[in-house]
Amino acid sequence: MTWLGLSSTYSLAAFGMSFLAVSAIFTLAAFSKLSGRFEFWPPPAPKSWQHRTFLALFRLFLYPLVVLSFLEFQIANNATGLSRQAIGGLLLLLGFGLALRITLQMGWRNAFGEKKGLVTDGWFAISRNPVYVATWAGLLGWGLVLGQSSVTVLLTLWALLYVLAPFLEERWLERQYGDEFRRYKSSVARFV
């Protein structure tokens, strides 16, 4: 065993790559929020450097996390552990399945920073950020299935990213949709 319970050099490399990528996302988002000199997320335009950089960094975060999860996965050897993994598996499938369904309802391009219309019906009539809420359930499930501290650290950072993202997106949504978004914002909770 090594740092954070990682079992191999490959696990350490996957963790490091994923951690550096999500750290870069946080850094660029914080700099854009604090400086006001440029926008990072949502990107100011489709196919902008911000759009491409975010997608590249998110993939550099996600893919190594998936690899790390496979490298560190162990089937539990007792009833408590197996129950934890079964409940986690159910949450993982339901959370990410629902997040994907809601994303498709909203429109893939709309979900990734292109102005394709404000969606306020379906799941969006209940929560302004149902994709993030559903993803949290999936992240919790993922963590329960793995039960590894290295993976839990990365999943926690992903969850935190999804807590902070709406605060970056709301300013953009107000500029894009004006009074329509302000009315929607006043009548539907940010997270439910």
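**Confidence, packing and burial**

Guide: This is a predicted model, and within the chain the confidence is lowest in helix H4 (residues 108-111), with a mean of 71, and highest in H5, at 97.

Visitor: What is the mean pLDDT of the chain, and what share of its residues reach 70 or more?
Guide: The chain has a mean pLDDT of 91, on a scale from 0 to 100, and 94% of its residues reach 70 or more.

Visitor: Why are H3 and H5 called roughly antiparallel?
Guide: Helix H3 (residues 79-106) packs against helix H5 (residues 130-146) at an angle of about 155°, their axes being 7 Å apart. Angles over 145 degrees count as roughly antiparallel, and H3 and H5 are therefore described in that way.

Visitor: Which hand does the crossing of H3 and H5 have, and what kinds of residues make up the contact?
Guide: The crossing of H3 and H5 is left-handed, and the residues of their contact comprise 18 nonpolar, eight polar and one charged.

Visitor: How do you know whether Phe58 is buried or exposed?
Guide: Phe58, which lies in helix H2 (residues 49-72), has a relative accessibility of 13%. Buried means under 20%, so Phe58 counts as buried.

Visitor: What is Phe58 in contact with, apart from its neighbours within four places in sequence?
Guide: With those neighbours left aside, Phe58 is in contact with Ile25, Trp158, Leu161 and Tyr162. Ile25 is 33 residues from Phe58 along the chain, while the C-alpha atoms of these two residues are separated by 7.7 Å.

Terms used:
Residues are numbered from 1 along each chain as its sequence is written. This is a predicted model: local features need pLDDT of at least 70, side-chain atom pairs count only at pLDDT 80 or more; totals for chains, interfaces and linings use all residues. Side-chain values use heavy atoms; hydrogens and water are left out. Axes are lines fitted to C-alpha atoms, for helices over the stretch in contact, and angles run from 0 to 180 degrees between N-to-C directions. Helices (H or I, at least four residues) and strands (E, at least two) are DSSP runs, numbered from the N terminus. Angles under 35 degrees count as roughly parallel, over 145 as roughly antiparallel, 65 to 115 as roughly perpendicular and the rest as oblique. A crossing is left-handed if the near helix is turned anticlockwise from the far one by less than a right angle, and right-handed if clockwise. Ala, Val, Leu, Ile, Met, Phe, Trp, Tyr, Cys and Pro count as nonpolar, Asp, Glu, Lys and Arg as charged, and the others, Gly among them, as polar. pLDDT is the predictor's confidence in each residue, from 0 to 100. Buried means under 20% relative accessible area, exposed over 50%, partly exposed in between (1.4 Å probe, protein chains only). Contact means heavy atoms within 4.5 Å.
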